[in-house]
Amino acid sequence: MNNYLLVDFGSTFTKLTAVDLKHEDIIATSKSITTVETNIIDGYESSLKQLYLKIGHIQFDKVIACSSAAGGLKMVAIGLVEELTTEAAKRVCLGAGAKVELVLSHHINQAEIQSILDHNIDIVLLAGGANGGNSECVIYNAKQLAKSSVTAPIVFAGNKDAADEISAILTEGNKTFYICENVMPRLNVLNIDSAKDTIKSIFVKNIIEAKGIKKVEEIIDRVVLPTPNAVLMAAELLSKGFAGEPGLGDIMMIDLGGATTDVYSMSQGLPTQMNAMMTGLEEPFAKRTVEGDLGMRYSALGVLQSLSASEISYWQKQGIDLVSETLKRYKNIEFLPENDRDFEIEDVIAGRCIDIAISRHVGTLKSIYTPMGMMYQQIGKDLTKTKYFIGTGGAVIASKNPKIMLNQALYKDSKPLELRPKHPEFLLDQDYILSAMGLLSMDYPEIALRIMKKRIIHL
Amino acid sequence: MKSIVIGVIGADVHAVGNRIIEYTLTREGYNVVNVGVLSSQEDFINAAIETSARLIMVSSLYGHGELDCRGMREKCEEAGLSNVLLYVGGNIVVGKQNFAEVEKRFKDMGFDRVYPPGTTIDDVLDTIKADLGD
């Protein structure tokens with residue numbers, strides 16, 4: 001084994017990363033527009049041609065890919081109580097690398113069934129009830145799905161007591177379905193793996209075929225993962241290490257894209273102060289959140305909406321008209337900054353995305369006055385002691401001084417109850433290699449880890 | 001196995017008695033869902049929905065139980081738990097008050113069983129079994 005080629009079929013770009021296994025390094029990267037609407041192979045070949053121009057025609061022992069093309073993996077998460085099984089179901093979807101288009105709780109109605117159809121959902125995750133608990137609601141929801149015209153595969157991961165009845169209902173309704181372990185077997189206990197692995201295998205077996213991505217397997221080895229899942233694997237490996245090769249410990253990462261801002265944290269997130277107590281649903285070690293309303297291009301208007309009138313006028317006084325600037329980026333998603341001014345504005349918008357996305361990812365404290373003095377309830381992860389904070393994604397990599405925007409992720413006096421990182425060291429994934437390293441880690445985790453440690457630079 | 005939700009309500013951190021209740025009810029063959037200390041009404045109610053519990057046992061040791069428990073029955077109704085049984089016990093009011101009056105106040109708030117200070121979980125086992133039809 002000498003060379004691997006790792007491919008990421010993104011929503012916009014098809015990105016190639018060539019790796020030399022013997023020297024444990026990246027040989028070259030290239031990208032060109034994804035062509036899933038016509039023939040996905042075209043975009044791949046044009047990207048490969050570019051790669052050959054850089055490094056000459058070399059042989060690859062294996063070519064594997066991940067994909068978020070053709071809308072990625074669109075899922076609906078269905079649960080019972082919003083803060084419990086619904087939240088658990090949502091975290092499973094995010095952990096599997098899906099885009100959670102819809103989140104539904106309690107008994108689902110016809111309008112909600114219709115919204116599942118309207119959103120072109122790829123996989124339905126049906127949860128509800130702890131084991132031995134409520135099964136009435138999840139059975140009702142299974143019946144609603146069974147009699148609907150929903151054709152997406154259904155993954156059942158609710159109260160195990162209901163599994164047999166739900167199998168019968170969905171068989172009767174001619175649905176494709178899979179029975180998994182409960183996402184919340186006991187109160188506040190999160191069980192991600194069973195449902196997540198099922199979702200990944202459905203993605204590989206059915207979804208990429210339905211989206212016209214599988215065609216590429218005529219010329220490459222396999223499409224194996226949704227892209228965000230590959231990134232999550234890479235981040236977890238980088239944090240935990242592998243065998244004799246140590247990891248970095250607790251890390252956070254932000255991937256700032258045109259349409260979404262993704263935040264990752266690899267940490268237990270346990271309380272770091274004496275008088276705080278964890279409450280609510282258990283948190284996964286490898287956590288991913290996705291903000292569909294925050295992005296540099298397609299979702300730039302979401303950034304504008306998050307700004308108050310006084311903030312807009314503040315920036316206006318600095319000579320930056322955020323109303324027209326965000327609109328410009330939304331209308332022209334291929335916009336690239338040209339001069340210093342453009343770069344400065346990109347930094348401002350990016351900083352805003354990062355600030356809000358971090359607020360939504362990190363845990364919060366709620367103060368309670370008790371006869372024993374002030375106590376805190378901690379909801380979510382305490383990430384104040386995060387050691388490393390990695391930036392990636394177009395706007396971060398292109399920035400002339402990424403530290404300015406990344407600083408927006410840090411602890412703020414104005415948000416004292418948010419458990420944001422306080423003194424992390426900033427790192428930059430300048431070659432955008434994380435998804436490729438996630439793929440490589442399936443065969444060579446120790447090499448992927450060493451390449452990441454070499455290629456992800458300190459800022 | 002029947003589920004019973006237990007916990008300590010409000011800004012109250014008394015954990016020991018709650019552990020004893022969990023131990024005893026588990027020994028008696030119940031699926032005990034313990035929401036722990038510092039729990040809100042919503043924590044109890046959400047747990048009862050997901051686990052289909054027929055009984056919620058609220059503990060309060062620090063004297064503010066009356067404030068913390070107010071409106072709980074109405075919230076249960078709103079959450080579709082109109083048949084759930086509500087028990088409350090501990091030092092549920094401030095100071096030494098006539099317990100008959102205290103019991104009446106809590107029953108008016110929609111609690112089915114109200115217990116004075118010093119009641120142990122063993123004293124209540126027969127009532128629990130009768131209420132749950134065991």
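## A hairpin in chain A

Two strands count as a pair if DSSP finds at least two bridges between them. Keep that in mind while looking at this predicted model, starting with a hairpin in chain A: strands S17(A) and S18(A) form it, with two residues between them.

S17 of chain A covers residues 364-370, and S18 of chain A covers residues 373-379. The two pair in the antiparallel sense, over seven bridges.

## Chain A as a whole

Now zoom out from the hairpin. Chain A holds 15 helices and 21 strands. Its C-alpha atoms fill a box of roughly 60 × 60 × 50 Å, taken along the principal axes.

Why can we call the size of chain A what you'd expect of a compact globule? With 459 residues, such a globule would have a radius of gyration near 23 Å, and chain A comes in at 22 Å, so the two agree. Of those 459 residues, 49% count as buried.

There's also the matter of which parts of the chain meet. Take the contacts in chain A between residues at least 6 apart in sequence: 71% of them join residues at least 24 apart.

## The sheet in chain B

Over in chain B, there's an open sheet of five strands. Reading across, the order is S2-S1-S3-S4-S5, and the pairing is parallel. Which strands stand at the edges? They are S2 and S5 (113-115) of chain B; each has a single partner strand, so one side of each is left without a neighbour in the sheet. On average, neighbouring strands of this sheet are turned by 20° against each other, direction ignored.

## Where the chains meet

How many residues of each chain are in contact with the other chain? On one side there are 14 residues of chain B, and on the other 20 residues of chain A.

Let's stay with the chain B side. Strand S2 (31-34) and helix H2 (41-51) of chain B each supply at least two residues of the side that touches chain A. H2(B) gives the most, with five residues. Sort the residues on this side of chain B by type, and they divide into eight nonpolar, five polar and one charged.

Terms used:
Residues numbered from 1 in each chain as written. Chains lettered and ligands numbered in written order. Predicted model: local features only at pLDDT ≥ 70, side-chain atom pairs only at ≥ 80, totals over all residues. Contact = placed C-beta atoms within 7 Å. Helix = DSSP H or I, 4+ residues; strand = E, 2+ residues; numbered from the N terminus. Nonpolar A, V, L, I, M, F, W, Y, C, P; charged D, E, K, R; others polar. Rg over C-alpha atoms; globule rule 2.2 N^0.38 Å. Buried ≥ 20, exposed ≤ 12 C-beta atoms within 10 Å, placed from the backbone. Axes fitted to C-alpha atoms, helices over the stretch in contact; angles between N-to-C directions.
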